[in-house]
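This report looks at one residue, then at the cores and a pocket. Start with the structure below.

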Amino acid sequence: MRLKTTVILILIAAGLSFLNLVNAWQRQVELEKSAYAGLLMPIPLKEVQGFTIDYGDGQNPVVCQRMEKRWQLTSPINDLADRYAVEEVLALVSYGRARPASNLTEAESGFSKDSATLTVYSPDLAAKVIFGKQVPEENSIYVRTEKQPGEIFLLDMDMAAFLKRLPEEFRAMDLFPGKPDKVQTIILGGGSEVKTGGQIELERTAGGWRLRAPGSWQADGEKVENLLQRYSQLRAKQVLAEDLEQKEDFGFKRENSVVLTVITAKDESETIILAPPLAPGGNGAAIVIGRNVIFEVADGLRRAIATASVDSYRQKRLEPLADVEGFGEIQVEVSGTLLRLLRSETLWYGETPRKFPVDLEVLNQLVLEIENLTAISYINDQPETLAAYGLQNPWIRLRIIDLDGKECINLAIGQKAGQNGYYASLAGRSEIFTLSEDFSRLLARPWYVYHARQIAYFTDLKQPFALSIWHQGKDPQGPPSVRYKRLQGHAWQMDLPETLPVDPMALYRGPLSDKGLGDLRAARFVGTAAEGLAKFGLDPPRLRVVVEYALFKEDLSKKTVCDLEIGDPMDNFYYARSRTFADDLIFEVDKALVEMLQADYAEREPAN
């Protein structure tokens, strides 16, 4: 009875095996008649589970198997497979179509018992290609398949590029097999813990990267992404050892090695340990957990991690205006002196210390600096007192009020922090940080820096009536040194110090043009008359210029539209003040304007 049962079981097993063979044969036939027809290896790429390359010259074959997430090299070494090498092989599976060769024998085509072969297999299929000799002039190689042993084909050599690789070149030398955008957590430890007081943990959130340890802060996303990019591009230069027991020989010690761990959303992790170079300026070493190998690598990534601190990964950009849709008032108080700038629809004007029109270019520069406000470093997250940083009674306080009258920024700047800028704090945030000296000095500028720079403007060249100029040494309250006067139409003449005709176009292209007095703008405001006019060479001035304007064509009543005094030179500018526009402010005008005003525009008879 027992024998009968055993026989029955054997027959059933044999029948099943035969059935599987028939099914596999039928499937192979179906594939060869389908879209895979014409391919040297008619196996669906997604079903490929592995391949073997036999070089046929006595070398150990290359054997690769598809694992759950990656390809594993099992011969001639056991390690991760190089994804680029695997892709070269799979390209032949996906696109490998050959063309029939002319009538040649196997010997003439380079086939022998030592020919290289590629075998690709899936759970129920297998395909084998045998390689003959190359045909360089056609960039091709002779091939034949196990299914069609009597036929010889020509295959583009690009499809067989993997044959040029040595067996050891199928080992993965890219030390980060994943994708940076899939990483959710980064942990930095090892030697960097000495500097940071603990390992650094970073986490990707919906709001960007955040520090998770040793504290919870917004992280500098750009810096974190740069770290991931460097890791993803880390490639070993060579294998130093196949045995981790030799790790101390390559510098792997607790006090100077760093550890980088990345974790994906699916809790898959990759950890790499990096050791410093054994000699200054050399390459370092790396161990990837799970791979029993010591690699030689460039030292840049280890150095970046080892020199990092928690502060270096914290977000330095403060973004105080990130949630502000618009604001209506800016207050800057410097050592008790208040500047108030108010918005009136699309225009801005100064309210304190006095009313004045605002230069929008200068104002926009200030707003841009505030929008990009960046801390140099964080000093103290929970200070016991503000007085130690000069923030109890700050040197500068910046307030911005939104359009609804709500204070949206209250920034205090205190005492100097050595060579590291100035201590500062933002209302609503507990930490003390430092800001650059440039930004602090930008806020500390005097109020007149924001003053509109338009000094004079002529809208109609028919209306200038007279141009009077007092040269140095001439009493600026007496008769001018030179006066040009308009006659009828566009005719002009000089009537002081003598009467001479004048080329009107020379005046209109020169001092009365928009590059001259017609659109006169201060290069910048530099001081006030209260500081003393003599300081700027304006007591008395080197040059005084007055432009008088005819108000009506039929009535030559006059109005002084420009009364400009020129003082001492400073580089390519001259100090100046306008007696018809904010006469207590000192500003700079371009040197070219002064040269234009000193020119002679009279038409004189040529000398004999």
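## Asp495

Asp495 sits in strand β31, which spans residues 492-496. The model is predicted. Is Asp495 buried or exposed? Asp495 counts as buried, because its relative accessibility is 19% and the cut-off for buried is under 20%.

Which residues does Asp495 meet beyond its neighbours within four places in sequence? The contacts are Arg483 and Lys485. With Arg483 there is also a polar contact: the two side chains are joined at 3.0 Å.

## Nonpolar cores

The largest nonpolar core holds 73 residues. Within this core, Ile330, Leu411, Tyr484 and Leu517 touch the most other members. Helix α7, residues 360-371, is the top contributor, giving five residues to the core.

## The largest pocket

The volume of the largest pocket is about 890 Å³. Its lining is made up of 30 residues. Nearest the pocket centre lie Lys69, Arg70, Pro177, Gly178 and Lys179. Of the elements, α2 gives the most, with three residues.

What classes of residue form the lining of the largest pocket? There are 14 charged, 12 nonpolar and four polar residues.

Terms used
Residues are numbered from 1 along each chain as its sequence is written. This is a predicted model: local features need pLDDT of at least 70, side-chain atom pairs count only at pLDDT 80 or more; totals for chains, interfaces and linings use all residues. Side-chain values use heavy atoms; hydrogens and water are left out. A nonpolar core is a set of buried Ala, Val, Leu, Ile, Met, Phe, Trp, Tyr and Cys residues joined through side-chain atoms within 4.5 Å. Buried means under 20% relative accessible area, exposed over 50%, partly exposed in between (1.4 Å probe, protein chains only). Helices (H or I, at least four residues) and strands (E, at least two) are DSSP runs, numbered from the N terminus. A polar contact is a pair of N or O atoms within 3.5 Å; within protein, one must be able to donate a hydrogen and the other to accept it, and residues adjacent in sequence count only if both atoms are side-chain atoms. Contact means heavy atoms within 4.5 Å. On a 1 Å grid over the protein atoms alone, a cavity is a set of points where a 1.4 Å probe fits but cannot get out, and a pocket is an open set with protein on both sides within 12 Å along at least five of seven lines; lining residues have an atom within 4 Å of a point. Grid points are joined across faces, edges and corners, and a volume is the space filled by probe spheres set on the points. Ala, Val, Leu, Ile, Met, Phe, Trp, Tyr, Cys and Pro count as nonpolar, Asp, Glu, Lys and Arg as charged, and the others, Gly among them, as polar.
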